[in-house]
Amino acid sequence: TAATSLTAARETFTAIEARYECARTHLDLATVERERGNPESAGRHLNEAHSLFTAMGAPRHRERIERLAADWGMPLTDHDLT
């Protein structure tokens, strides 16, 4: 399934410290989990993507996630991954 493939990809990107790809994969996982009816998991993935993009200094990606979280009614928590 998509979630299984994305989870494997995220683990690989994490292992090789490919933060951008890891953040994008978290964003994709958030979308899949939301569609599957798992808002808590979707929220966790949105927060992880947001934290990674923030740490990388990628404001457009960070702002996109903030808009998406607002549209989905999911609050973002502040935690730093630097």
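Student: Is the crossing of α3 and α4 left-handed or right-handed?
Tutor: This is a predicted model. In it, helix α3 covers residues 39–56 and helix α4 covers residues 59–72. The crossing of these two helices is left-handed.

Student: Which residues of α4 make the contact with α3?
Tutor: From α3, the contact takes Leu46, Ala49, His50, Phe53 and Thr54. By class, the residues of both helices in this contact comprise 7 nonpolar, 3 polar and 2 charged. The α4 side is made by His61, Arg62, Ile65, Glu66, Leu68, Ala69 and Trp72.

Student: Is α3 roughly parallel or roughly antiparallel to α4?
Tutor: The axes of α3 and α4 come within 8 Å and cross at roughly 155°. Angles over 145 degrees count as roughly antiparallel. Therefore α3 is, relative to α4, roughly antiparallel.

Student: Does Glu33 count as buried or exposed?
Tutor: Glu33 is found in helix α2, residues 19–35. Leaving aside neighbours within four places in sequence, Glu33 is in contact with Ala3, Asn38, Ser41, Ala42 and His45. Buried means under 20% relative accessible area. Because its relative accessibility is 8%, Glu33 counts as buried.

Student: Does Glu17 count as buried or exposed?
Tutor: Glu17 sits in the loop between α1 (2–15) and α2. The cut-off for exposed is over 50% relative accessible area. At 69% relative accessibility, Glu17 therefore counts as exposed.

Student: What is the phi of Glu17?
Tutor: Glu17 belongs to the loop between α1 and α2. Although this residue is not a glycine, its phi is positive, at about 60°.

Methods
Residues are numbered from 1 along each chain as its sequence is written. This is a predicted model: local features need pLDDT of at least 70, side-chain atom pairs count only at pLDDT 80 or more; totals for chains, interfaces and linings use all residues. Side-chain values use heavy atoms; hydrogens and water are left out. Axes are lines fitted to C-alpha atoms, for helices over the stretch in contact, and angles run from 0 to 180 degrees between N-to-C directions. Helices (H or I, at least four residues) and strands (E, at least two) are DSSP runs, numbered from the N terminus. Angles under 35 degrees count as roughly parallel, over 145 as roughly antiparallel, 65 to 115 as roughly perpendicular and the rest as oblique. A crossing is left-handed if the near helix is turned anticlockwise from the far one by less than a right angle, and right-handed if clockwise. Contact means heavy atoms within 4.5 Å. Ala, Val, Leu, Ile, Met, Phe, Trp, Tyr, Cys and Pro count as nonpolar, Asp, Glu, Lys and Arg as charged, and the others, Gly among them, as polar. Buried means under 20% relative accessible area, exposed over 50%, partly exposed in between (1.4 Å probe, protein chains only).
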